[in-house]
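Please look through the sequence and the structure shown below before reading on.

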Number of protein chains: 2
Amino acid sequence: MKVTRKSDYGLRALCTLAQRYNQEPVSIGQLSAEHKIPEPFLEKIMQELREHGLVEATHGRGGGYLLKKRPSAISLREIVHALDGPIALVTCLDPSLKCAIEDGCPTSPVWEIVNQKLEEYLGSLTLSDVMDLTHRPLSGEGDRVSGKVKVS
Amino acid sequence: MKVTRKSDYGLRALCTLAQRYNQEPVSIGQLSAEHKIPEPFLEKIMQELREHGLVEATHGRGGGYLLKKRPSAISLREIVHALDGPIALVTCLDPSLKCAIEDGCPTSPVWEIVNQKLEEYLGSLTLSDVMDLTHRPLSGEGDRVSGKVKVS
DNA sequence: CCAAAATCCGAGTGAAATACTCTGATTTCA
DNA sequence: TGAAATCAGAGTATTTCACTCGGATTTTGG
Ligand code: FES
Ligand code: FES
């Protein structure tokens, strides 16, 4: 039950792009330095984000990446989908590998529900939310879940 | 973002134990046959479930496994914890590997929240819920999420 | 126009996690 | 006493992950 490093790295990079929204493009060099991410790895990640339309790139001198939508219009769900693919908590839920059993399978209905819930929740969190949380270091140690960010 | 096969298999096995709650113990042979799970693998899984107190075993002839609590008192969370360990969506959240950065890390607050949400939700689903869902094959195709099972 | 700065692209590699096996010991009961 | 079951721990195979490499392409500054 883990999100891959690709998604974590990708999210971090997108955070700095969000800060610099509407400014100059940011290069892989800068991004990887800021977040201590191996350059060639981040390069791949940014490519995938571009292919999925979350980000756009400009070549050559002074080039780099820019967000393609406003931070509040990019959800964690999109990011994770772009980098890890759609969430399939168990292999049977993978749309490309339709399972044979299916009927009467005791577990698939639950996993499907949890899966759905997770996607919903990730869909409700945007890059703006992430930025808000970063600079508001969990005040008071109460349950952060019902803190600042909207909760189902 | 996957649950391991161990957890999926374990859940299936626990389902049949739930059906036979308060009856004769069920052997690995029976369980693995019913769910098409490789016997020696399931053996390991049942051992772990016993070590975590979800199940108890009786040796020798006619032996096998029994639930140690009523089905409505066993949550998905417990099961997943027993077999996959506590949920740590990103490595930084793993309590055994406390991260150095932490302060000002842009992503960890969000992942922590999602992590918490997930645990909460899995904690709210019990073996009874799973059984109910199994024999009620998603009537009407509506959003199953707010169907029969309690939702946050 | 050219060289430097950047992204693009596809293939390839090493390590780690996962999924599962094997062997033998131990307990129980007919 | 021996068959049926779990127990225990080490071992192996496969897949996924995390990351690299080499070279092509695009853009811009000088
Ligand atoms: S085994 Fe595939 S749906 Fe359950
Ligand atoms: S890198 Fe460890 S908390 Fe963010």
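## Order of elements in chain A

Read from the N terminus, the elements of chain A follow the order α-α-α-β-β-α-α-α, which amounts to 6 helices and 2 strands. The model is a predicted one, and the values in this report are computed from it.

Chain A has 152 residues, and 45% of them are buried. When contacts in chain A between residues at least 6 apart in sequence are considered, 63% join residues that are at least 24 apart.

## Helix α1 of chain A

Helix α1 of chain A covers residues 5-19, and its 15 residues reach 21 Å from the first C-alpha to the last, which is close to the 21 Å expected at 1.5 Å a residue.

This helix, α1(A), is mostly covered, with 12 of its 15 residues buried.

## How the two chains are related

Chain B can be superposed on chain A by a rotation of 180° with 0.0 Å of shift along the axis, and the RMSD is then 0.1 Å. That is the relation of a two-fold axis. Within chain B, B:Met1 has the C-alpha nearest the axis, at 2.5 Å from it. Both copies use the same surface, since 100% of the contact residues of chain B recur in chain A.

## The surface near DNA strand C

There are 22 residues around DNA strand C, and those that come nearest are A:Ile28, A:Glu43, A:Lys44, A:Arg50 and A:Tyr65. Of the atoms of DNA strand C that come within 4 Å of the protein, 61% belong to sugar and phosphate. The residues of this surface divide into 7 nonpolar, 9 polar and 6 charged. At least two residues each are supplied by α3, β1 and β2 of chain A and by α1 and α3 of chain B, while the largest share, 4 residues, comes from α3(A).

The side chain of A:Lys44 has an N or O atom 2.8 Å from a base nitrogen of DNA strand C, whereas an N or O atom in the side chain of A:Arg50 is 2.8 Å from a phosphate oxygen. From chain B, a polar side-chain atom of B:His59 lies 3.3 Å from a sugar or linking oxygen of DNA strand C.

How values were computed: Residues are numbered from 1 along each chain as its sequence is written. Chains are lettered from A and ligands numbered from 1 in the order in which they are written. This is a predicted model: local features need pLDDT of at least 70, side-chain atom pairs count only at pLDDT 80 or more; totals for chains, interfaces and linings use all residues. Side-chain values use heavy atoms; hydrogens and water are left out. A residue is near a molecule or strand if one of its heavy atoms lies within 4 Å of it. A polar contact is a pair of N or O atoms within 3.5 Å; within protein, one must be able to donate a hydrogen and the other to accept it, and residues adjacent in sequence count only if both atoms are side-chain atoms. Ala, Val, Leu, Ile, Met, Phe, Trp, Tyr, Cys and Pro count as nonpolar, Asp, Glu, Lys and Arg as charged, and the others, Gly among them, as polar. The expected span of a helix is 1.5 Å times one less than its number of residues. Buried means under 20% relative accessible area, exposed over 50%, partly exposed in between (1.4 Å probe, protein chains only). Copies are superposed by least squares on the C-alpha atoms of residues with pLDDT of at least 70 in both. Contact means heavy atoms within 4.5 Å.
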